[in-house]
Amino acid sequence: MTFTVYVPLLVTVVLAVLAPRAARRLPPRAAARSLACAATVTALGWLGSLALLSFTGLAQIPEVAEQGHWSVAALRAADPVSLAVAILGALGLAAATGSLAVAAVRGTRHLRWARREAAALPGDTELAVLDDPVPQAFALPGAPGRIVVSRGMLRCLGDDERAALLAHERAHLRGRHHLYLVLWRLTAAVTPLLRPLADAGGFVLERWADETAAAHVGSRTVVARAVGRAALATAAAQDRPAPAATGGAVPQRVRALLGPPPPPHGRDRRGRAAAGTGPAGPAPATACPARRGRCRAARAVLRQPRRGRL
């Protein structure tokens, strides 16, 4: 067990480095599920390794061995773990479990708050329009979930772009993306090494919603234009939190939408057909023709520096 107990720790480091890059090469839906599974297994392995290290080392103390009725000499021969390593493992286990408990309480409170806010919104339809000139749009999970859009955001978008925006937010609700975010926050609380994976997961969820919106409206260019214009509209209100529709690395999202669609994967095959693409690649109606150039909003977003969230 001397070497195998450290394998989850090494896997965590490798996953934190390679998983974000690999996730961007997979279809968004598959990438989100892969990151969720990888984060869960890695976090559980991390906790198990810390527990084994702390128990094996502390069990070699004569007083502890006497209470457990096992041989200290046999345990040392089979699993030679020093007392210093055991103490470090115990401290790490205590810190990880404490951080996990705090993150779980915060996540539960946030979900309850979202449900209360969704239930308190006026109207009984899925869409709630706020009389607010500040452009913002987000989805509130609940029973049922609600899509919240301000009048300031609606004024910035055309009819097709509004449909893309609503389809994007609806994808967050129907895909239960908030549960993915809670899971990644919990795993990142267990070990800070998984924070890059959690950040990559947030980007993948936005890409997932973008591709779902493109399948709904039948044009990836319309969704790219909607994302670009929404980002430009919210840039003037940087003192407010970025809405869900403009979350993630917006320039990378626009580039992905203006490029070829992701390869079909399970249910994504239907999304590709709905987006107007065939086996040979994107159809001219859904691509951004080189002669006409990219849309003005997309060009403006692509010129901005990569700052993660706008």
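What follows is a chat about the protein shown above.

User: Hi! What kind of model is this, and how are the residues numbered?
Analyst: Hello! This is a predicted model, where local features need pLDDT of at least 70 and side-chain atom pairs count only at pLDDT 80 or more, while totals for chains, interfaces and linings use all residues. Residues are numbered from 1 along each chain as its sequence is written, and side-chain values use heavy atoms, with hydrogens and water left out.

User: Great. How many helices and strands are there?
Analyst: There are 13 helices and five strands. Helices (H or I, at least four residues) and strands (E, at least two) are DSSP runs, numbered from the N terminus.

User: And how much of the protein is buried?
Analyst: Of its 310 residues, 45% are buried. Buried means under 20% relative accessible area, exposed means over 50%, and partly exposed is in between (1.4 Å probe, protein chains only). The protein exposes about 16,300 Å², with 60% of that supplied by carbon and sulfur atoms; the areas come from the Shrake-Rupley method with a 1.4 Å probe, and for residues only the protein chains shown count as cover.

User: Let's talk salt bridges. How many are there?
Analyst: The count comes to nine salt bridges, each being a side-chain nitrogen of Lys or Arg within 4 Å of a carboxyl oxygen of Asp or Glu.

User: Which residue does Glu161 pair with?
Analyst: Glu161 forms a salt bridge with Arg225, and their closest N and O atoms are 2.6 Å apart. Glu161 lies in helix α7 and Arg225 in helix α10 (residues 220–234), so this pair ties together parts 64 residues apart in sequence. Salt bridges with shared partners also join Glu161, Arg225 and Arg229 into one network.

User: Is Glu161 buried or exposed?
Analyst: Glu161 counts as buried, because its relative accessibility is 3%.

User: What about Asp159, which residue is its partner?
Analyst: Asp159 forms a salt bridge with Arg162, at 3.7 Å between the closest N and O atoms. The two are three residues apart in helix α7, so about one helical turn separates them. Asp159 is exposed at 61% relative accessible area, whereas Arg162 is partly exposed at 32%.

User: Where does Arg170 come in?
Analyst: Its side chain meets that of Glu126 in a salt bridge (3.0 Å, N to O). That pair links distant parts of the chain, 44 residues apart: Arg170 is in helix α7 and Glu126 in the loop between α5 and β1 (127–130).

User: New topic: which residues make the nonpolar surface patch?
Analyst: Val13, Val14, Val17, Leu18 and Leu193 make a patch of about 400 Å². Patches are made of residues with over 30% relative accessible area and no salt bridge; like charges are joined within 9 Å, and nonpolar side chains (Val, Leu, Ile, Met, Phe, Trp, Tyr) within 5 Å. Val14 sits in helix α1 (residues 7–23) and is partly exposed at 46% relative accessibility.
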